[in-house]
Amino acid sequence: MPGIESSFDKPSFTELKVEELLKEVRVNYPPQTSVQTVVLAITSFFQTIPEHQVKSSLAPSFVDDLGVLAEKATFTFKSPKTVEVIGSFSIQGIAKPSETIDLAIQIPKSCFHEKDFSNHRYHAKRALYLVALRNQLKKCHFVKGMKWTTLHNDARKPLLLLKLGNELGVDFNFDVCLIPTIGQEVFNISKLAPSRNNLKLSSSGQISPEASPQYNMSIIEDIDMQNHSLYLRDTLGKCECSSDAILLLKVWMRQRKFPQMHDSLNGFIMTMLLAYLISTGDRKITSNMNATQAFRVCIESIAGGILEKPLFLIKETSRKTKEERKAYSEWFEAVMMDNLDCCNIAYYMTKSSLVEIKTAARATLAVMKHAWDFGFDEIFMTGLDFSPKFDYHLRISMKDQPLEHPSFADEGKYRDIEKQIARVLDQGIGNRAALIRVYGRVPPPKWDVRKGVHIINELPVFVGIMIKDYDSANRMVEIGPSADDVDESGKFRTFWGEKAELRRFKDGKINETAVWECDLTQRHLILPKIIEYLIRRHLSVSPSCIHVSGGQLDYALMDGKKDSSDSVRRILLAFDVLSKQLRALDDLPLRISSVQPLHAAFRHAAVFPPEFHILASERLAEKIPQRWCTSCVEPLEIMIQLEGSGKWPTNPDAIEKTKASFCLKIAESMKRIHGIKCIAAEDSVDLLMHGFCFRLRLHHEKDRTLVNARTEKPAMEKSLGSKPDSNSANLPLHKDLSLQSLHSSMLSALQGRYPVYGPTVRLAKRWIASHLFSDVLKEEVIELLVAYLFLRSAPYSPPLSRVTGFIRFLLLIRDYAWYFKPLIVDLNEDFTSKDYELIMDEFHAGNKTNPAMFIASPYDMRSRTWTVASPDQFSLKRLVAYARTSAELLEKLIEGDMPERWPSIFCTPSNLYDIILKVQPQRLSHPHRVLFPVDVKSRALKGDSDPEKKLLVGFNPTCCLINDIKMKFGGLFTYWYDHFGGGAIYLNWKSSPGEAARKRKRVEYEDILIELGRLGASFIESVHLNDRQEPVV
């Protein structure tokens, strides 16, 4: 919807939402006197701590993990030189739920030797100083609790968080975070330049030729921390909107989980960026802007790549030459020099984090520009978790892995394996992926410094992969260098190992290649196979420790032992032949002008597309089955239209009889000309050809008038715009061919744009049916829900894997505010602002009479078609609860928080129903489609003398029995079943307990159960009650 303009004031409407959000995240700051009292009390307590010797025995594991000798970590403890408020509290930038005041405690110079900046001795003493403080604070009467946290999620730099009591008698409800710092006089700053190396190799004691820029900056950061706070206080004070802008930016970051990562954006860097945009010469943020405008400027700057360029906060007065500035870009992947021009405060940010941040900013800008409501919910209210964010997910279990860690580690030894994974994947699948994001491991929530750093080595490594596009990411051949390039060919073979081979292409070129052969239905597994192969080859990780999402849910789509979606290609070819044959019929009173597919298989949305059946083939010699095959064939519905004529009757019954005559004539002509077996009925013709059954349904332009006349319902209120939904509420869905045709054609176009749409909607339909919602949601509703995920994917990008698409489907059902707003599915992406306003007006006008799921689409903008009768509020609540449970389970499976039990996603409990009708498995039309099957054969044919007589077209015994029960008992029950082939049918009493009891008096309870058994005779195995183990009948 680019460029839409609304008649109502969108900015003011957005500002109302923003202001409410700010009210929720603003904190109530305590009086300044209370802050001074707390700081003074803490400072006074520190002064009472006597000098004493601090040894590595306070945290031996931590010191040992850093490779520091015990004698090098010993020092004499002295009280902090200064205690000062810094951080977000000092600039009024704290956002709930965080309510913490940061205190910089400056460690005296006497605690260090002049060369303690080398070999992690500073980090060891820094941690031991905090441990010593913690031991003393246990005696402090107003400190009620303490726990460890870290600076930038770096385990080498722990922080101590204090929980205060009420003993001080002041209004102060904040936690206190103690952040160790040092003065500029402690170390020679020139020795901490990024080009210097301050780490020795433990094996030889020699200086490594590599520089240690990350390590050096981690020390300088502590030197300049208090100056950073002063700079922010002075700069942000010039702009009134800065505090609220910081809050909005922090909410945006938290929803994208950036502060939880060790190498990404956090509140400090974002605040520094805001200060940069306020203070630099171009002054992008001015004092007359409001918080929303300042927020947008920041997001636009990030989307434009500002973090990928070197930033200098004091550009005009910088003491560094151009060469020195350029050198910083060589040492670091992100450069943001502080106001003292000596510390790169973004030293820990990585290239992949910058790409991820930029991608998120661009997605935010896109939704702000194109969403009719400015995308407030997508930007600020939607959390982006690991599982739904990426297309593929890699988890490597590192526990008990025999990996050697390097003695030289600029960022910590446990970071090396993460860098290796990033390098291997970037080289192997970098041209297939838009983003390969290796999430660095961070200390667990209850981490204790005394446990050391080594426990982080045992945590799993997570990698998220966003692919560029479906075809390039799942190509079978990786083309390498030419065979003539000896050096590059050698590197290619070394990297790919046994998968490398020479191939000659059609243009005559001979290149090195890595080939991944597979069926077309298995192409989505190519990338997981490549990832697993590369990790095993280059990192020597056990295969059982490598977990890649990709095909874990494929079992739900298996028709027996294979994915029947492969038959879609044959269906389309057969349809193309049939379409030409029908248009070529010249012996009809009116020629066939249009042949349009209706069945879900034509748009790749059928869970089980019909497969080739030998009895539906024209080759009579093959009519006798030589193997077991089902006797049930699902018809593929097709709509045909005739050329116009003024001779059609006007009487509804006459129109129907004329259509029936045309059906008979079409059947006769197809059989005579093409030898196709036809089965004609009053409203359709079944053609058995090319192994499939095509059901032709004749559509006439007066069909809507015909149905309206019979139902004697008044025409619906005025049509919305030019969208054809004015009479859709009056038509039975099975008769409204024009509506079905619109739906099918629009979603076919969507499948063409998004190849993953088909597999995703198939998984969604399978999940809905497996949890017995077949009677609640029509398949067209599920298709529209999945379509929404692709058309309105913000804050994500459209899914490019079936697992991710399925996760988002569950999250959509779980999180969407169904009661408060309509789901608008703009299939053609041509809705105007007026269309949106009309839909919203319609939704609010019928708030009490709206369907539980109000789904507006181009052909049904008032939601009067698919959801008007079902689901009701009760069924929707139940559906949401199931989606919540399945989504949580799926995320845990991907993240490894529970054993590999993927089939449990489609397993539904059976203890929630009043009556259970167990079916005989062998009586199902397709028992091999049951998710948890019994080893039985279906209604089958083999070697029968005349098998065609036993062929059943469109027969589904489960649905037939449900219809019989509904006709017999009406609304006495609610019905829960899996129409794809569940092993039982479940019934609940529809009435309230009191009303149900009265009904049971009128109708004998046992008679109902006996009648259910009678209706399902030869199909129902037994009837059970929820409180009985033995069958009733």
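## A strand pair to start from

In strand β32, Ile985 is the bridge partner of Leu917. The model that shows this is predicted. The pairing of β28 with β32 is antiparallel and runs over 4 bridges.

β32 also pairs on with β31. The two run antiparallel and are joined by 4 bridges. Here Tyr975 stands opposite Leu987 of β32.

## The four-stranded sheet

These strands belong to an open sheet of 4 strands, ordered β31-β32-β28-β33, with antiparallel pairing. β31 (973-976) and β33 (1020-1025) are the edge strands, and each of them pairs on one side only. From one strand to the next, the twist averages 20°.

On the β33 side, β28 (residues 915-919) pairs with β33 over 5 bridges, again in the antiparallel sense. Lys918 is found opposite Ser1022 of β33. A helix lies across the sheet. This is α28 (residues 1005-1015), which lies across β28, β31, β32 (984-989) and β33. The helix runs at about 155° to β33.

## How β32 is enclosed

What encloses β32? The rest of the structure largely does so, because 6 of the 6 residues of the strand are buried. Both faces are covered. On one side, Ala984, Tyr986 and Asn988 are buried.

## A three-stranded sheet

Another open sheet has 3 strands in the order β13-β15-β14, with antiparallel pairing. β13 (477-482) and β14 (500-504) stand at its edges. Each has a single partner strand, so one side of each is left without a neighbour in the sheet. Direction ignored, neighbouring strands are turned by 40° against each other on average.

β13 and β15 (residues 510-515) pair over 4 bridges in the antiparallel sense. Within that pairing, Ala514 of β15 is the bridge partner of Glu478. Helix α15 (residues 486-496) packs on the sheet and touches β13, β14 and β15. The direction of α15 makes about 150° with that of β13.

## Aromatic rings

The structure holds 46 aromatic pairs. One of them joins Trp252 and Phe258: the ring centres are 5.8 Å apart and the planes stand at 65°, so the pair is edge-to-face. Trp252 and Phe258 are both buried.

Tyr757 and Phe790 form an edge-to-face pair too, at 5.9 Å centre to centre with 70° between the planes. This pair links distant parts of the chain, 33 residues apart. Tyr757 lies in helix α21 (residues 757-770), while Phe790 lies in helix α22 (residues 779-791). Are these two residues buried or exposed? Tyr757 is buried, with a relative accessible area of 0%. Phe790 counts as buried because its relative accessibility is 2%.

Ring pairs can also build a group. Phe492, Phe495, Trp496, Trp516 and Tyr533 are linked by them into a cluster.

## Charges over rings

Which residue places its charged end over the ring of Trp516? It is Lys499, at 4.4 Å from the ring centre. Trp516 is also one of the residues in the ring cluster. Elsewhere, the charged end of Arg878 sits over the ring of Trp976, 4.2 Å from its centre.

## Helix α20

Helix α20 (residues 737-753) has 17 residues. From first C-alpha to last, the helix reaches 25 Å, close to the 24 Å expected at 1.5 Å a residue.

Several of its residues are buried. Among them are Leu737, Leu739, His743, Met746, Leu747 and Leu750. Ser738, Gln740, Ser741, Ser744 and Gln751 are buried too.

## The chain as a whole

The protein chain has 28 helices and 33 strands. Of its 1033 residues, 56% count as buried. Contacts reach across the sequence. Among contacts with a separation of 6 or more, 73% are between residues 24 or more positions apart.

How values were computed. Residues numbered from 1 in each chain as written. Predicted model: local features only at pLDDT ≥ 70, side-chain atom pairs only at ≥ 80, totals over all residues. Heavy atoms only, no water. Phe/Tyr/Trp six-rings, centres within 6.5 Å; stacked < 30°, edge-to-face > 60°. Buried < 20%, exposed > 50% of the residue type's maximum accessible area, 1.4 Å probe, protein only. Lys NZ or Arg CZ within 6 Å of the ring centre and 35° of its normal. Expected span 1.5 Å × (residues − 1). Pairing = 2+ DSSP bridges. Axes fitted to C-alpha atoms, helices over the stretch in contact; angles between N-to-C directions. Contact = heavy atoms within 4.5 Å.
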